[in-house]
Amino acid sequence: MSGLELWGGIECTVLRVGDEWRDQTRETGHHDRAEDLDLIAGLGIRKLRYPVLWERVAPDSLSGTDWSWSDARLARLRALGCDPIVGLVHHGAGPAYTSLLDPEFPEKLAAYAAQVAARYPWVQDWTPVNEPLTTARFSGLYGHWFPHGTDMRSFLTALMNECRGTALAMRAIRRVNPAARLVQTEDLGRVFSTKPLAGQAAHENERRWLSLDLLCGRVDRHHPWYAIMLAEGVPQAGLDALVAEPCPPDIIGINHYVTSDRFLDHRVTLYPEQAVGGNGDLVYADMEAVRVPLPPDIHIGPEARLREAWERYRLPVAVTEAHLGCREPEECVRWLLEVWNAADRLRQEGADLRAVTVWSIFGAMDWCSLLRQRNGRYEPGVFDVRHSPPRPMPIAGAVRALARGERYEAPIVQEPGWWRREDRFVVEPGAMAGQG
């Protein structure tokens, strides 16, 4: 037995695209299926990332809360012996009476967190804001989600509000439960590039640590992003407060996907048109690194990113999302095993790797368009909710075995996943010579 735990999680995003709200808990039907929790417990999962989202509980005001759904679900989890990691904001910007650019967002989130903690004082593990850096990028820099910012100032304002909100929320929660733990999730994908784009890659690779650096109190006057944040209007008092009173995660949760690592290439004609973009000054292709034949000294994938996080912070680490949206259900099994084995190897080396989380247990809707289009594009998770009751997919067998601390061996996992096959590349291997 490896000592690794297998956790679970459901896709629970609530966010706005323009004036339209998306709610994954409703769109996958989990909102209406209390019996889903029995299916999760039946897999052997004893820790579950689970939503008590601000937008759902208090959509109109902090004084107009509806706890009925959360009360019933958390009580059932408790009866099943499954401990929740409670999430408060999951890719959203809060209810309609706030936003990621609201100067009072941190205090409003903390006020909500205080109410949740008072109602569920027995909950130990918390994620006030899921993936703050990713959410700030998609909402403040790329314009995908509300408030649809497309500039550095919006991005950094949103990120600072999320991180200050997390710190204030944990302070409020710990007034109720001093032993409460922060499980801070983030996608820490690394960017690689051709030589002409080395500066852009370095910029993005410094940026990817920013949320965790802020929470750990590292963004002081000597940090490369301190001056940038001040120049973009982030209040110095807020930055200095996080240095003086940091809120380091009790567990760093890494959400790693096949597509998390990226490759930037100035030779845009080698790539599909939809991969071509830029930074306003330079035009380049932004491609999944796994689709590019890279030299052997470039390490992509979960093991490399987990090792980086452990070596940078020396804090306990978990994989808090391991998911692959794929038409071939066998590939999902191969990906989970690859992530699990990577975490296990690092644990055997002495890294404090706690768990791997099988994500999107009941699948996800329209994530192929980042929820920007309502196409009804459903991808299953451990269960396929297009059947009643939800039908277990092949990955369910692997989940049961890993949850029991057993090895999972089946013919399907002897074959390499698509991300390890030679036919995955979008450019010829010879085209990459000298460009690493």
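Predicted model: local features only at pLDDT ≥ 70, side-chain atom pairs only at ≥ 80, totals over all residues.
Visitor: How far apart are the end C-alpha atoms of helix α12?
Guide: Helix α12 runs over residues 302-313, which is 12 residues. At 1.5 Å a residue, α12 should span 16 Å. The computed separation agrees with that: 17 Å.

Visitor: Which residue follows α12, and what is its phi?
Guide: The residue after α12 is Arg-314. Its phi is positive, near 50°.

Visitor: Which residues of α12 are buried?
Guide: Elements that cover them include the strands β8 (191-193), β9 (251-255), β13 (317-322) and β14 (353-358). The helices α9 (210-215) and α13 (329-349) are also among the cover. The buried residues of α12 are Pro-302, Ala-304, Arg-305, Leu-306, Glu-308, Ala-309, Trp-310 and Tyr-313.

Visitor: Is α12 roughly parallel or oblique to α13?
Guide: The two helices pack at an angle of about 40°, with their axes 9 Å apart. Angles under 35 degrees would count as roughly parallel. The angle therefore makes α12, relative to α13, oblique.

Visitor: What is the handedness of the crossing of α12 with α13, and how do the contact residues divide by class?
Guide: α12 passes α13 in a right-handed crossing. From α12, the contact uses Pro-302, Glu-303, Leu-306 and Arg-307. Their partners in α13 include Trp-335, Glu-338, Val-339 and Leu-346. By class, the contact has seven nonpolar, no polar and five charged residues.

Visitor: Is α5 roughly parallel or oblique to α7?
Guide: Helix α5 covers residues 105-119. It packs against α7 at about 30°, with the axes 8 Å apart. The cut-off for roughly parallel is under 35 degrees. So α5, relative to α7, is roughly parallel.

Visitor: How do the residues in the contact of α5 with α7 divide by class?
Guide: α5 passes α7 in a right-handed crossing. On the α5 side, the contact residues include Phe-105, Leu-109, Ala-110 and Ala-113. On the α7 side, they include Asn-161, Arg-164, Leu-168 and Ile-173. The division is 13 nonpolar, three polar and three charged.

Conventions:
Residues numbered from 1 in each chain as written. Heavy atoms only, no water. Helix = DSSP H or I, 4+ residues; strand = E, 2+ residues; numbered from the N terminus. Expected span 1.5 Å × (residues − 1). Buried < 20%, exposed > 50% of the residue type's maximum accessible area, 1.4 Å probe, protein only. Contact = heavy atoms within 4.5 Å. Axes fitted to C-alpha atoms, helices over the stretch in contact; angles between N-to-C directions. Parallel < 35°, antiparallel > 145°, perpendicular 65-115°, else oblique. Left-handed = near helix turned anticlockwise from the far one by under 90°. Nonpolar A, V, L, I, M, F, W, Y, C, P; charged D, E, K, R; others polar.
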